[in-house]
Amino acid sequence: MIRALGAALMMSGIAAAADEKWVDLVGSKVDDHWITKGNWVLKDGVFNLTPREGEKGWSRFHAYLWSKGSEYTDFECEFEYKCEPKGNSGFYFHVGDVTNPVNKGIEVQIYDKHDSVAKLTDHTSGGVIPGIPPKKQMSKPAGEWNKMLVNVKGDKLTVSLNGEVVNEVDLSKGKLADRPKTGSIGFQDHALPLELKAIKVRVLK
């Protein structure tokens, strides 16, 4: 009985230690964990991206929200996002060059597209760019919070959206095979309003 209790406590300690590996990436100000020249404002735990007058397009990579001082290989990142109508952004990972993430990284799509009968493409939320649509449409309408979990272990990428696995991808195949295996993580500034909160990451071993 004592031995069983000891084992249970040990397992509980292991689970607690695993939980402690999560790192909060919100902080008290943007530059606690992120680098950007974009118009990202952190208030009450929410990152709010408000494009400035005249801003447009997605190629202003310096305006993306890039992880500060850390690169990730095998990891989990969980966050919540909220789009406005026709909103468009993305979560980038394994970015070997933040000046060229489209070709030197991998993007998981964030998009305002919640019509269940619409054709699934790589631009549906949870899609992987380039070319891999999600298995199902799980995003909520514009103005509602969505929770995304991105898990990368070896060559396997798993994307969950609002509690459902929507994509499982072999990163060693197709157009993603030549992408970096480690690098920065970040969020796209597509010059469209976006809100992010509860961002956390942990390294997987």
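Biologist: How many cavities of 30 Å³ or more does the count come to?

Modeller: Keep in mind that this is a predicted model, where local features need pLDDT of at least 70 and side-chain atom pairs pLDDT 80 or more, while totals for chains, interfaces and linings use all residues. Numbering runs from 1 along each chain as its sequence is written, and side-chain values use heavy atoms, without hydrogens or water. A cavity is a set of points on a 1 Å grid over the protein atoms alone where a 1.4 Å probe fits but cannot get out, with points joined across faces, edges and corners, and volume being the space filled by probe spheres set on them. By that rule, the count is one.

Biologist: And how much space lies in the largest cavity?

Modeller: Its lining (residues with an atom within 4 Å of a point) includes Y81, D112, K140 and E144. The space in the largest cavity is about 40 Å³.

Biologist: Is E76 buried or exposed?

Modeller: E76 lies in strand 6, residues 75–83 (strands are DSSP E runs of at least two residues, numbered from the N terminus). Its relative accessible area is 10%, and the cut-off is under 20% with a 1.4 Å probe, protein chains only. So E76 is buried.

Biologist: Which side chain makes a polar contact of 2.8 Å with the side chain of E76?

Modeller: A polar contact is a donor–acceptor pair of N or O atoms within 3.5 Å. E76 makes one, side chain to side chain, with N151 at 3.0 Å. At 2.8 Å, the side-chain partner is R202.

Definitions and conventions: 1 Å grid on protein atoms, 1.4 Å probe; cavity = no way out; pocket = protein on both sides within 12 Å on 5 of 7 lines; lining within 4 Å. Helix = DSSP H or I, 4+ residues; strand = E, 2+ residues; numbered from the N terminus. Buried < 20%, exposed > 50% of the residue type's maximum accessible area, 1.4 Å probe, protein only.
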